[in-house]
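Let's look at this protein together, one question at a time. Keep the picture open while you read.

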Amino acid sequence: MTGVCSDGTDIYIAGASAMNAASGAENYSGKLNRPFIWRVSAENGAMKLYSKDQDKQPMFGEYKEAKGVDVVSDIEFSDGMLYITAPAQDSVFVADAASGKLLDTWKIPQASGIAFKHKVSCFVGSGQKILSVTPADGKTANFADAKGVVRDITMLPDGKIAASVGGPRHQLVFFDQYG
């Protein structure tokens with residue numbers, strides 16, 4: 001239930017915040033969770049809090065019961081923005097990387113895995129489908145059917161897309177530029 005990405009200077013970590021968990025609690029198993037982000041220095045690993053108060057780091061969406069799906073599945077950095085996929089919220093949260101401020105929410109059912117192509121388009125897993133998304137407005141179009149639950153997506157240097165796909169396939173699946 002976490003994701004990690006970097007802009008070369010900072011490392012961003014997306015995870016699940018649990019309602020009423022004590023600060024610093026380990027193995028808290030509360031039912032209500034929502035996505036949050038942390039930032040650390042890529043140079044030395046030092047925490048770079050968005051707020052002086054550790055308990056007030058950026059959180060997104062509402063506290064919800066995940067009901068068998070991940071609270072957070074991926075995070076990606078592109079052009080100064082962070083994109084956090086949250087299957088339990090059926091959303092991709094778009095936040096400013098510098099401030100952690102929520103800028104937009106894309107409603108995408110079972111959003112999981114995100115990869116960018118040239119900053120002007122991206123691909124997001126949605127259940128067994130891969131959607132093409134225009135970051136400027138969040139508009140979606142069907143790109144491919146993975147025939148299994150999409151867990152993660154990455155762009156390959158040759159322009160192809162690799163997707164980690166769960167049941168029933170349980171495979172790494174490759175797609176060309178046409179899906």
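Q: How many aromatic pairs does a search of the whole structure find?
A: This is a predicted model, where local features need pLDDT of at least 70, side-chain atom pairs count only at pLDDT 80 or more, and totals for chains, interfaces and linings use all residues. Residues are numbered from 1 along each chain as its sequence is written, and side-chain values use heavy atoms, with hydrogens and water left out. Rings of Phe, Tyr and Trp (its six-membered ring) pair if their centres lie within 6.5 Å; planes under 30 degrees apart count as stacked, over 60 as edge-to-face and the rest as tilted. Searching the whole structure that way, the number of aromatic pairs is six.

Q: Is the aromatic pair of F60 and F93 stacked or edge-to-face?
A: The ring centres of F60 and F93 are 5.8 Å apart. The angle between their planes is 20 degrees, so the pair counts as stacked.

Q: Which parts of the chain does this pair link?
A: The partners, F60 and F93, are 33 residues apart. Strands here are DSSP runs (E, at least two residues) and helices are runs of H or I with at least four, numbered from the N terminus.

Q: Is F60 buried or exposed?
A: Buried means under 20% relative accessible area, exposed over 50%, and partly exposed in between (1.4 Å probe, protein chains only). F60 has a relative accessible area of 1%, so F60 is buried.

Q: Is the pair of Y83 and W106 stacked or tilted?
A: Y83 and W106 lie 5.5 Å centre to centre. Their planes are 45 degrees apart, so the pair is tilted.

Q: Which strands hold Y83 and W106?
A: These two residues are 23 residues apart and link distant parts of the chain. Y83 belongs to strand β6 (residues 81-86), and W106 to strand β8 (residues 102-107).
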